[in-house]
Amino acid sequence: MNTITYRLPQIGDEHQISGCMWASAVLWELTDGTPESVAEWKKLCNPEELKDRILSGEKTLVATWNEIVVGFIAFKRGNHLSLLFVRREFSGQGIGRELFTQCNYDLDEVTVNAAEEAVGFYQKVGFIQSGDRFFKHGIWGTPMKWINLSHEVME
């Protein structure tokens with residue numbers, strides 16, 4: 001039986017990461033179907049854009065099963081979680097939680113603009129809503145924040 005492994009993404013993984021993102025969500029659930037929102041989604045999933053993220057030095061991690069990328073997480077600006085995707089057929093197995101856990105240990109707080117369908121997941125891993133829902137590039141987002149309670153100073 002193959003198990004899920006977690007590792008840093010490498011150059012050459014960008015096409016598999018793109019495939020993982022496409023296999024993670026239904027396009028019409030993430031966008032409003034307008035050309036602007038579909039173009040924004042295609043830009044996020046573009047292998048060249050993903051290659052730049054791998055090379056950026058920002059925190060990224062992939063989950064693989066049988067050498068296939070089944071999950072991906074990427075941060076921007078240090079503590080802003082910008083991408084977190086798990087293939088639908090691997091959903092509910094704790095992969096998203098583990099990707100997040102392996103990346104948050106050294107952060108005091110993490111922010112995310114959660115897609116509508118992801119708000120419940122982020123709440124389960126300890127995020128709280130930190131602002132009003134917004135609509136940008138045809139995509140709804142909910143600002144959320146996670147505080148690393150293990151970094152709180154004990155008095």
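Biologist: What lies 2.6 Å from a polar atom of the side chain of Ser18?

Modeller: In this predicted model, that is the backbone oxygen of Cys45; a polar contact here is a pair of N or O atoms within 3.5 Å, where within protein one must be able to donate a hydrogen and the other to accept it, and residues adjacent in sequence count only if both atoms are side-chain atoms.

Biologist: Is Ser18 buried or exposed?

Modeller: Ser18 counts as buried because its relative accessibility is 8% (buried is under 20% relative accessible area, exposed over 50%, partly exposed in between, with a 1.4 Å probe and protein chains only). Beyond its neighbours within four places in sequence, Ser18 touches Cys45, Pro47 and Leu50, contact being heavy atoms within 4.5 Å.

Biologist: And which helix is Ser18 in?

Modeller: Ser18 belongs to helix α1, where Glu14, Ile17, Cys20 and Met21 are buried along with it. Seen down the axis of α1, these buried residues fall within an arc of 160°, so they line one face of the helix. (The arc is that of the directions from the helix axis to the C-beta atoms; helices, H or I with at least four residues, and strands, E with at least two, are DSSP runs numbered from the N terminus.)

Biologist: What covers that face, I mean the buried residues of α1?

Modeller: The cover includes the helices α3 and α4 together with the strands β2, β3 and β4. As for α3, its axis and that of α1 come within 9 Å and cross at roughly 140°, with Ser18, Met21 and Trp22 of α1 meeting Trp41, Lys42, Leu44 and Cys45 of α3.

Biologist: How confident is the model, and which element has the lowest mean pLDDT?

Modeller: The chain has a mean pLDDT of 91 and 94% of its residues reach 70 or more (pLDDT is the predictor's confidence in each residue, from 0 to 100), whereas helix α2, residues 27-30, has the lowest mean among the elements, 65. Local features need pLDDT of at least 70 and side-chain atom pairs count only at 80 or more, while totals for chains, interfaces and linings use all residues. Residues are numbered from 1 along each chain as its sequence is written, and side-chain values use heavy atoms, leaving out hydrogens and water.

Conventions. Axes are lines fitted to C-alpha atoms, for helices over the stretch in contact, and angles run from 0 to 180 degrees between N-to-C directions.
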